[in-house]
Amino acid sequence: MTYPEIQLAQSIIQICKANNLKHIIISPGSRNAPLTIGFASDPFFMCYSIADERCAAFFAMGIAQQTNEPTAIVCTSGSALLNYYPAVAEAFYSEIPLVVISADRPSYKIDIGDGQTIRQKDVYANHILLSANLTEQASLVNDTLINKAIHTAKAKRGPVHINAPFEEPLYNTVEQLTTTPQIATYQEKNIEAIDYDHYVNQWNQAQKKLILVGVNTPHSLSQIILERLASDPSVVVLTETTSNLHHPKFIEHIDRVITTFSEEDFKAFAPDILITFGGMVVSKRIKACLRKYKPSEHWHIDLQRHYDTFDALSHKIIDTPARFFQSLLERVSLTPSKYQSWAYSIAKQRQEKHLAYMQQIPYSDLQVFECLMQTLPKNSQLQISNSSAIRYAQLVPIDPSIVVFCNRGTSGIDGSTSTAIGAAVGSDRPTVLITGDISFLYDSNALWNAYTPTNFKIILLNNKGGGIFRILPGHKQTPVFNTYFETTHQLTAQHLAKMYNYAYTTVDNLADLKSVLPSFWSQNKKPSILEISTPTEVNDQVLRNYFRNM
């Protein structure tokens, strides 16, 4: 087999292999040639070549999101690794294991005017779990840092950075390894036993217990736990589309329920105990509600991080939600209360108003989302871009067999398509991305790769600009707004689809949408884009009236 002559590169590759780090996304360059040669020459690794580093990093994040294992990204020196930063930040806040391996110049070449050279040491300092700044020669110290970085990505779930300086010549190879790196083994840290007495006592006393679930891994709680929570009259469970939890008694459409609450409703809704788990919450309304009407106690369940999102955090529970609820529910009793029945009755009323309103609205984004969610193929994976798309998705029902993902760590639009394609590669489910026009155009280089599965589908809602700004406070129809906020445009995906060999269909009304969807869902010969044009100046009015009609 072929190996790079540079021993430091040999060490990195062998330690990655020993830690079962299989997926390697490589962006072209010269300084990273020793790594590229080594990874690509070893059949153990699954290597991908993606030229745009920003897309490469989000692509890798999508694979890691689905495999639940670290994925590596490899780039050359200079500005290349700066283009990874948006995905590094997203992985940091979404707790996705990502291993950044950047090639660098030797230290004596930094800040002397050498080309393609920047200060790479600790470049991700604010959004990284560990920075392994290696020295040029292979050594035990370097081996320890590499091992620790990969282990940290696995154990603490997030991004790490390995910065490796290489001196020329970079392309020389050998037929046998000339160094044997040390492979470190790490024992998983035992979770400290939880004293359940306080939680049991508070649970049994509280008549209003609110469980709020943010971005959450599918199938994280057993059906037994879900049934037990649903059967407790003092428990209300609020879920979002990205929570991936379903039960007929859970409240799935938070904004629909609470937007028109009166002061008395908010006070009745305010919980004695708030229990949260999962990642970021989409609904701004529920965050504002819980910050104003604070619970007496807020318990957050997570192995790593416990954000004080509502300025009321009282207990950091270091465990998985499944283990915590299983142990807790074995010890507590059902609490007599009208809390769940009251909230559920309001949710049912809102559902009736939702159905009545949807029958009378004109063609718009909201109508399109309702149609799409009713026809999405069961057991598929749905990736949703940020901004308007994820907010519309919160308002309409989705089949429980569909798993849903969105980059809510930083809530950026920048890598949604790249993440979705990576997730399609990392999953055995058919994958659908629903995205807006600005997010799609911003990340159009995501289509520039040779790995997109033929059953990958993009649904592109094109309302000719950043429609979300029309529903935010301060919107005024002015040239400044149209140019600098909404970024009005007349672009479509037609020529991009042709260039990247995607099947392409476009519609601009509900009848045509319903007509083309069956063939769109069944077409699997090559990736496909369905571009749905919607009326810019109707969408925001329909959405405003939706909440007024609740």
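**Stop 1**

Select asparagine 20. It sits in the loop between helix 1 (7–18) and strand 2 (23–26). Keep in mind that this is a predicted model. Check the backbone here: asparagine 20 has a positive phi of about 60°, although it is not a glycine. Is asparagine 20 buried or exposed, or something in between? Its relative accessible area is 45%, so asparagine 20 counts as partly exposed.

Now select asparagine 19. This residue belongs to the loop between helix 1 and strand 2 as well. Asparagine 19 is buried, because its relative accessible area of 12% falls under the 20% cut-off. Which residues does asparagine 19 touch, beyond those up to four places away in sequence? They are Asn147, Ile150 and Lys154. Twelve residues separate asparagine 19 from glutamine 7 in sequence, and their C-alpha atoms are 18 Å apart in space.

**Stop 2: the whole chain**

Clear the selection and zoom out. Colour by secondary structure: the chain holds 20 helices and 19 strands. How does the radius of gyration of the chain compare with the globule rule? The radius is 25 Å, close to the 24 Å that the rule gives for 550 residues, so the chain is as compact as a globular protein of that length.

Of the 550 residues, 55% are buried. Take contacts between residues at least 6 apart in sequence: 77% of these join residues at least 24 apart. Then colour the charges. You will find 47 positive and 49 negative side chains. The centres of the two sets lie 5 Å apart.

**Stop 3: another positive phi**

Select aspartate 122. Look for it in the loop between strand 5 (98–104) and strand 6 (130–133). Aspartate 122 is not a glycine, yet its phi is positive, at about 55°. With a relative accessible area of 34%, aspartate 122 is partly exposed.

**Stop 4**

Select glutamate 168 and proline 169. What kind of peptide bond joins glutamate 168 and proline 169? The bond is cis, with omega at about 5°. Proline 169 lies in the loop between strand 7 (159–165) and strand 8.

Move along to threonine 173. This residue is in strand 8, which covers residues 173–174. Threonine 173 has a relative accessible area of 38%, so this residue is partly exposed. Show its contacts, leaving out residues up to four places away in sequence: Thr2, Tyr3, Pro4, Glu5 and Ile37. The C-alpha atoms of threonine 173 and serine 345 are separated by 70 Å, and the two residues are 172 apart along the chain.

**Stop 5: aromatic rings**

Show the aromatic side chains. The count of aromatic pairs comes to 22. Why does the pair of tyrosine 196 and phenylalanine 324 count as stacked? The ring centres are 5.7 Å apart and the planes stand at 25°, and planes under 30 degrees apart count as stacked. This pair links distant parts of the chain, 128 residues apart. Tyrosine 196 is in the loop between strand 8 and helix 6 (197–205), while phenylalanine 324 is in helix 11 (residues 321–329). Both tyrosine 196 and phenylalanine 324 are buried.

For another arrangement, select phenylalanine 261 and phenylalanine 266. They form an edge-to-face pair, 5.3 Å centre to centre, with 80° between the planes. Phenylalanine 261 is buried at a relative accessible area of 9%. Phenylalanine 266 is buried too, at 17%.

Next, select Tyr196, Tyr199, Phe277, Trp299, Phe324 and Phe325. Together they form one aromatic cluster.

**Stop 6: helix 18**

Finish at glutamine 494, in helix 18 (residues 494–499). Glutamine 494 is partly exposed, with a relative accessible area of 43%. Neighbours within four places in sequence aside, glutamine 494 is in contact with Tyr504 and Glu531. Last, pick threonine 506. Glutamine 494 and threonine 506 are twelve residues apart in sequence and 8.5 Å apart in space, C-alpha to C-alpha.

How values were computed. Residues are numbered from 1 along each chain as its sequence is written. Side-chain values use heavy atoms; hydrogens and water are left out. Helices (H or I, at least four residues) and strands (E, at least two) are DSSP runs, numbered from the N terminus. The radius of gyration is taken over C-alpha atoms; the globule rule is 2.2 Å times the number of residues to the power 0.38. Buried means under 20% relative accessible area, exposed over 50%, partly exposed in between (1.4 Å probe, protein chains only). Contact means heavy atoms within 4.5 Å. Lys and Arg count as positive and Asp and Glu as negative; His and the chain ends are not counted. The place of a charge is taken as NZ of Lys, CZ of Arg, CG of Asp or CD of Glu. Rings of Phe, Tyr and Trp (its six-membered ring) pair if their centres lie within 6.5 Å; planes under 30 degrees apart count as stacked, over 60 as edge-to-face and the rest as tilted.
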